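Me: I've got a model open and I'd like to learn how to read it. Could you walk me through it, feature by feature?

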Amino acid sequence: MASIRANARKVVCIGRNYADHIAELNSARPKKPFFFLKPSSSILAPASGPVLRPAGVNLHYEVELALIMGKTLCDLDAKDEKQAMEAIEGYAVGIDMTARNTQEEAKKKGLPWSIAKGFDTFLPMSEPIAKAKVPDPHNVELWLSVNDELRQQDSTELMLFRIPRMLSDISQCMTLEKGDVVLTGTPKGVGSVVVGDVMRAGLRVDGKEVEAARIEVEVQEKGGLYEYQET
């Protein structure tokens, strides 16, 4: 697969797709998949630099299984699992970085979350993972550590909504195109990182690490003009 960032016209993120994560953030459990967007400019390719923490931001990590789309999907029937899975070209691991204080303020005030999710470097991603390496994406183990302390570790079998249903609901709203990235939600254990922390993440299939799935990235200060202020 070619460069993920170069080919992604959009990144679609499924929210609240693991029950324990919903509970830890005191969120409501959705009756159907809901999703939001991250800009493709937020993608941080492997070994291309640190995650940059904007001034005043409470920066949180969320490890996720990413789908890399290989075909166009529009108005997909959720029952058509074959078409849904055939439309996926491959996989990756992504860390959905979130400005949590910005997001919490937006939620309280009924404002969009875009600024909380969309900063440059807010989506570190692994190398593309060949589809053959992940025989069943509903049964892989995601993990993330901070400074070698394990913070997240759970199986994708805990997802509330399976991949065909996610792709169906997204494609009823917006066409998924070749190269688009779909993040499938994060398990429990999300938390904050500060400047100097090193995040590592990956994916296991049948207990074995998938080498292409590994991420290692440090957090540094962003600099520049932005500083969090209440809206």
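Reply: Let's begin with a cut-off: a residue is called buried when its relative accessible area is under 20%, exposed when it is over 50%, and partly exposed in between. Keep in mind that this is a predicted model. Lysine 10 has a relative accessible area of 14%, so it is buried.

Me: Which residue does the side chain of lysine 10 meet in a salt bridge?

Reply: Glutamate 177, with N to O at 3.2 Å. Now apply the cut-off to the partner: glutamate 177 has a relative accessible area of 23%, so it falls in the partly exposed class.

Me: How many salt bridges does a search of the whole structure find?

Reply: The search finds 19.

Me: Where do glutamate 62 and arginine 100 lie?

Reply: Start with their contact: the side chains of glutamate 62 and arginine 100 meet in a salt bridge, 2.8 Å from N to O. Glutamate 62 lies in the loop between β5 and β6, and arginine 100 lies in helix α4, 38 residues apart. Glutamate 62 counts as buried because its relative accessibility is 4%. Arginine 100, with a relative accessible area of 2%, is buried as well.

Me: And what about lysine 117, which residue does it form a salt bridge with?

Reply: Glutamate 62 again, with the closest N and O atoms 3.7 Å apart. Lysine 117 belongs to helix α5 (residues 114-117), and 55 residues separate it from glutamate 62. Both lysine 117 and glutamate 62 are buried.

Me: Let's turn to strands. What holds the strands of a sheet together?

Reply: They pair through backbone hydrogen bonds, and the pairing can be parallel or antiparallel. Here's one case: β6 and strand β7 (residues 88-95) run antiparallel and are joined by seven bridges. In that pairing, isoleucine 68 has glycine 90 in β7 as its bridge partner. Strand β13 (residues 181-183) is also antiparallel to β6, with three bridges between them. Across that pairing, leucine 67 stands opposite valine 182.

Me: Why is β6 called largely enclosed by the rest of the structure?

Reply: Because seven of the seven residues of strand β6 (residues 63-69) are buried. You can check this face by face. One side carries Val63, Leu65, Leu67 and Met69, the other carries Glu64, Ala66 and Ile68, and all of these are buried.

Me: In what order do the strands of the open three-stranded sheet come?

Reply: The order is β8-β5-β14, with antiparallel pairing. To find the edges, look for strands that pair on one side only: these are β8 (98-99) and β14 (191-192). Strand β5 (residues 59-61) is joined to β8 by two bridges. Leucine 59 in this pairing stands opposite alanine 99 of β8.

Me: Last topic, backbone angles. What is phi of aspartate 75 near?

Reply: Phi is near 60 degrees there, a positive value in a residue other than glycine. Aspartate 75 lies in the loop between β6 and α3 (81-86). It counts as exposed because its relative accessibility is 57%.

Me: Where does asparagine 147 lie?

Reply: In the loop between β11 (141-146) and β12 (149-155). Asparagine 147 has a positive phi too, near 55 degrees, and is a residue other than glycine. With 42% relative accessibility, asparagine 147 counts as partly exposed.

Note on methods. Residues are numbered from 1 along each chain as its sequence is written. This is a predicted model: local features need pLDDT of at least 70, side-chain atom pairs count only at pLDDT 80 or more; totals for chains, interfaces and linings use all residues. Side-chain values use heavy atoms; hydrogens and water are left out. Buried means under 20% relative accessible area, exposed over 50%, partly exposed in between (1.4 Å probe, protein chains only). Helices (H or I, at least four residues) and strands (E, at least two) are DSSP runs, numbered from the N terminus. Two strands pair if DSSP finds at least two bridges between them. A salt bridge is a side-chain nitrogen of Lys or Arg within 4 Å of a carboxyl oxygen of Asp or Glu.
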